[in-house]
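Let me put the structure up, and then we'll walk through a few spots together.

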Amino acid sequence: MKLSGGVEWALHCCTVLTAATGPVPAARLAELHDVSASYLAKQLQALSRAGLVDSVQGKAGGYVLTRAADRITVLDVVQAVDGPQPAFTCTEIRQRGPLAAPPEACSRPCAISRAMATAEAAWRDALRAISIADLAASVTGDYGPATMTGIGTWLSHPPPAAP
């Protein structure tokens, strides 16, 4: 299974939003990650449609998480950006070709379909078990306790306007 690049961007945004003290504009999030603001905005809109972030309007507006980071899972973000559809879709290939099995012989999923469904369930369970708070804690563990504080400070203090 290949996830879209938008999933990575959305996960990074949700993770850094845990350090923010208020709404963060999409442009500021794009600048932090050095990514396209227009493409990132699409991912933030997907997160908003899924109820994971809120868009706050106004001069001090931007994006905020809608609930505690420990209540948003990696799977929530993946499904918000890439959708809930399964990675594998069985096309009943066993019912094709010169040795095709008749439909009545295919009353249960084949071994390949069952294996893929088992793998999909395990993958989804693993992503469901990791929260955005877990990711933020991992950033702190990987780079030190000042990292998320520094990100929060950077996000909260926009650069001065050009003269």
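Let's start at Leu 44. If we skip the neighbours within four places in sequence, Leu 44 is in contact with Cys 13, Ala 26, Leu 29, Val 53 and Tyr 63, where contact means heavy atoms within 4.5 Å.

Quick housekeeping: this is a predicted model, so local features need pLDDT of at least 70 and side-chain atom pairs count only at pLDDT 80 or more, while totals for chains, interfaces and linings use all residues. Residues are numbered from 1 along each chain as its sequence is written, and side-chain values use heavy atoms, with hydrogens and water left out.

Back to Leu 44, which sits in helix H3, residues 37–49. Helices here are DSSP runs of H or I, at least four residues, numbered from the N terminus. So is Leu 44 buried or exposed? Leu 44 is buried, because its relative accessible area is 1%; the cut-offs are under 20% for buried, over 50% for exposed, and partly exposed in between, using a 1.4 Å probe and protein chains only. For a sense of distance, Thr 15 is 29 residues from Leu 44 in sequence and 13 Å away in space, C-alpha to C-alpha.

Next, helix H4, residues 74–82. The buried residues there are Val 74, Leu 75, Val 77, Val 78, Ala 80 and Val 81. What do they pack against? Their partners are helix H1 (5–17), H3, helix H5 (111–128) and helix H6 (132–143). Just after H4 comes Gly 83, with a positive phi of about 90°.

Now the charged pairs. A salt bridge here is a side-chain nitrogen of Lys or Arg within 4 Å of a carboxyl oxygen of Asp or Glu. How many salt bridges does that rule give? The count is 5, and I'll show you some of them.

Arg 67 pairs with Asp 76, which belongs to a salt bridge with closest N and O atoms 3.7 Å apart. Arg 67 is partly exposed at 26% relative accessibility, and Asp 76 is partly exposed at 24%.

Then there's Arg 94 with Glu 92, where the closest N and O atoms are 2.6 Å apart.

Last one: Arg 128 and Asp 125 meet in a salt bridge at 2.7 Å, N to O. Both lie in helix H5, 3 residues apart, about one turn of the helix. An α-helix has 3.6 residues a turn, so residues three or four places apart point the same way. Arg 128 counts as partly exposed at 44%, and so does Asp 125 at 45%.

Notes. Helices (H or I, at least four residues) and strands (E, at least two) are DSSP runs, numbered from the N terminus.
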